[in-house]
Amino acid sequence: MAAECARCDGPEVTVKCSCGKLYCRPCWLEHKSIKPDHQKSPYQTGLSKFQQCWKYIKGAFNYSSATFEKDERAKWFGLVEDTSFVPPVYRIVETTRFSEIMESSVHASPQSPKRQYPSLVSFVGETGAGKSSLIRALTVQSVENTTDLDHHDAPVVGMEESFQSTTGEVNLYHDPKTFGTASPRLYIDCEGLEGVKPVAAAHQKKWQDSSRSHPIRQKQGITTDRKWAVEKLYPKFIYLFSDVVCYVTRNPRGWAEIVDNLLGWASVAAQHAVNQYALPAAIIVLNGPPAGKEMWIAGDHDAMTNEFFKVVEEQITGSAFVRSLAAQYGASSVREIFRRCFSSIHVLYIPLEKLPPLGTEENMDRQYSRLSNRIKSDAERVQFTRGESWMRFDVRQLSIAFNYAFEHLTSQSDTAFDFSHCKAQTDLPKTAQGHVTEFLKSSLAVGVESNFTYASTVLGSCMVMRALEESGEELFSHPDVIYGASMKKLFQGAVEGYLDSGLSCSYVDPTTGAWCVNKKDGHTKGHQDELGLLLEAGDYQGGAFDSTDFQAKMMKHIGGFLQTLDKFEGDNKLTGARSLHRKTLQQSNSWAISEASRTGSSRTCFGCLFEAPEYQLPCGHYLCGFCIKNFDQTNEHRHPAHVTHKECFLCSDKNPSHWPFELGVRPPLSGIRVLSLDGGGVRGIVELVMLQRLQSAIGLTLDPCAFFDLIVGTSAGGMIALGIGEHMWPLSRCIEKYEALAKTGFDPKFLTTVWGIGWVARLFRYSIYTSTAIEGALKAAYGQDRELFSMKVVDTPSSVKHLPRVAVTTAVDQDLKIFANYNRGGAGIYLHSTCLTWEACTSAAPMFFEPYINGKAGVVCRDGGLKQNNPVETAFSESKAIWGNDTTFDIILSLGSGQARLPPKRPASTFIVDGWLATLFEVLMSTFNGEDAWASFHKIVENPVKAKARRLNVHFNTSHELALDDVASMGWMKDEANKFKFYNERSRWSFTNPHCEDLDQEIAINLRASLFFFHPRSIKFNQNRSVAVVEGAIYSRVDSNTVPFRELVLLTEGFEIPGTFVLMPPLGDCQPEFILKIAFQHDTQDHQPIHLRVKFKDGYTAAISGFPTPYKNIETLV
């Protein structure tokens, strides 16, 4: 009798323990954790190499619970029925399996590339055909040493002579040989086509609680059950993303039946997908039939494929289904039908073990090798084809595509899955050429001929505006100068991109009148309508877009624009240009264009076509920061910190319920105010209390968002950042929500917090707390309909709104990434930010919560504290990325979540965390209080930045810092944070005069002073230009028609300007707008900075925003 593992009863025994028991490698590691003093020695089987391999391939398990529980970690996705609803609710649950494999692949060796392109190989077929054993055989082919086999996950194989499915749903395994390379191969093991309940269902339940689920919309006349999922849903998804599809069967006589089954399986997906840039390869594997032929394993590898098609061509005349496909595809042979669904078709034979004369060890090993080599060559070919069409996805892009596919398939939409839309989800325009291509796709999507002139004139107008903004009044007046060599290259590249991936085929079905929706790059199957149905075989037909005519119309508009512009002089030229450009943008009243551009403008600013959008207008259109200021519609002289939009210049919407759109923008001479918030779990309550104390000391009824231009948070700090910065909650509401979230979000899994045995429970449950509870709490707090991306006013604006930029850090693999409301993401440090705000906060600390799959971003998110629990360095670098390297800061304020003499105690059993992750986790625990990061920040920044940097962190009178899940101590933490005194050491960098002994009071005065700023209007010089007289005005960022402004006036005594003191005007003189005109002299040879300070009635003075500043900064503005 073969040796079995003492724990799981499996046959893969490799270790003999000093206690005398035998174990497989995973069970040995678990046994060792319990009995650390036990020692291992190799277990010698006495079997030949092939016998060891065959034993592994057969996997003769006794189907114990432990066996299936071990295999459960391979679960990728599947159908789940929720019977708590009547009628039952069905959903597709997606685990982190794909991301976990790819994370491990990235860390497989020091040479493993950071960017990898997975290649998916799927195994489908009837129950009992041996799909799982084939995956095991391929694993054998990929390892050099049989002792390495137990290091790799492999599926549980079915019992011989059993027709019951063993493993259910869709599982995922990696190929050992390509693991850690640029293109790791992954094997998809799909449930048998019969859709019967598998043996594993009784033992595998935990995966159903995975965080990522996609509810299935019920459709009349369609029964949603396991059989439906296996026949309709799984095939669509697997076909869409597989490079190779292996159809496995044991039936050698029913080849016509194989054709019916495989074409039926493929047509379900092929006829519901359009613009498919590369078709998968198909391999039919005749796996261990009761009979075979010598020629099938001889030197001619294509002999069986040729025989297969010869036989089925003779048998197929009786299949009504295949005849209908032939008619639909316009195919004259079965092979031609297959080529409509697959890029290639190959048939391969695996002999039945020990069945003479073919079932020898040598023959079986050779055929397994042939299968491995065929999969390799087919997968590489399909990957190459994808790459030629820019559809070879890396891990992040593929994850986004998976999410898009799941959402589409579970919606049960009648429209086909469109790969061109999928591509748009994964790649955002990153260059001016990409932005122009995006505009062409959106503006011409509803009709090339009808919108041809509109698109050409808008593009021409944008080119003129671009040149005018770059050259000022020195704009050249000839169209050829505007449309120079660089702009011509940009235009030609943009048009080429549009023609390849944006312009649909011009074929029209002569019978039905249906249009072909396939683009040039995605015309692999022929002409298809929007439902995916094949209209007719044939190549792409262009002709609807004439690039020469388009260019001529664009040049004509540029010429007319410049002729009109010549009538304007000086500043009027820019004003006139903006007016002309607005009229050009509004010349189309097409509702369809407006709707198409509403989506496209979230990717490209349609006001200029050269920048990425940041702001969202009430109508749904998006604009970049340049256009939001450039198209200001203020009646009188524009306030330097306020803009007003009375209507949308893209769609002319001016509904009085949400227009005018008024918001605050950064004044040109002002400084940047940055808030950095540490992570800390429930300790985040400390940061909220500190913000409350600052608000009280400032003395104004303004919410925190009014005092900061950029707010960056990690983990709990990220939640606070989103609350005060994106949702603009008052602090009282933020605290209320935070406390409710803490009370309901930390829901322990069964036994995981029980003293003494909790570590055992964690070993099998992978985290202490349930993901469901924390996600439910976050949804309750942040809502389920608020998208993060774009700075926007959600409620009806009653006054000018200051919209801060908000960023939340997260750890992806070993890299720090951010979700930002000012960057749509998709490149560099930025993740796709079109997710909901509650999803942006779902970063999970290892051990405490399971990682979260963010489908929109295509990544698995973990606590950003793993890389940077104090995100002040990220906040600093983001400030420079947004506003430039010469950015002037008013303040960089860092808030900690508390500290004590020793770091918090670690949770037990950290060995359940992967090695690379455990290292990061240890760093997080040891640097949780953020003080090391603050010290590091001080070392890397120069003195002008140090002078503006402050940190507040409460010192707890405890030996250890409190744990991030210590909900019971939140009340005590609030009390301590309220009582703690922040001493302010005397320094040459003091914010106030006189020196303020309380650090929080000094910070509050600085923030209050930052509400004032100076805007220069003119500079006059004496005869030799040695003295300059600067004229301008002091403004307030706060709307002068509000209560907070009246409060500010009552707190302010006046302003210290060079050579004099100016009193704050009475409140009545500050209406309807506060503009305090001032003038001062400056020696142009004096290189000392200019000081403008505000004096408050409490006796303290502090610099207004942006000051002190060099004279050259003022001169540059004028």
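A salt bridge is a side-chain nitrogen of Lys or Arg within 4 Å of a carboxyl oxygen of Asp or Glu. The legends below describe such contacts in a predicted model, where a search of the whole structure finds 37 salt bridges.

**View 1. Salt bridge between Arg786 and Glu726.** The closest N and O atoms of this pair are 3.1 Å apart. Arg786 lies in the loop between α26 (771-782) and β23 (801-802), and Glu726 lies in helix α23 (residues 716-726), so the contact ties together parts that are 60 residues apart in sequence. Arg786 and Glu726 are buried.

**View 2. Salt bridge between Arg386 and Asp243.** The closest N and O atoms are 2.8 Å apart. Arg386 belongs to helix α11 (residues 361-388), whereas Asp243 sits in the loop between α6 (226-241) and β10 (244-249); the pair links distant parts of the chain, 143 residues apart. Both residues, Arg386 and Asp243, are buried.

**View 3. Salt bridge between Lys293 and Glu307.** The two side chains meet at an N to O distance of 2.5 Å. Lys293 is in the loop between β12 (281-287) and α8 (303-315) and Glu307 is in helix α8, so parts that are 14 residues apart in sequence are tied together. Lys293 is partly exposed, at a relative accessible area of 38%. Glu307 has a relative accessible area of 14% and therefore counts as buried, the cut-off being under 20%.

**View 4. Network of salt bridges.** The residues linked in this network are Lys75, Glu169, Glu191 and Arg226.

Technical notes: Residues numbered from 1 in each chain as written. Predicted model: local features only at pLDDT ≥ 70, side-chain atom pairs only at ≥ 80, totals over all residues. Heavy atoms only, no water. Helix = DSSP H or I, 4+ residues; strand = E, 2+ residues; numbered from the N terminus. Buried < 20%, exposed > 50% of the residue type's maximum accessible area, 1.4 Å probe, protein only.
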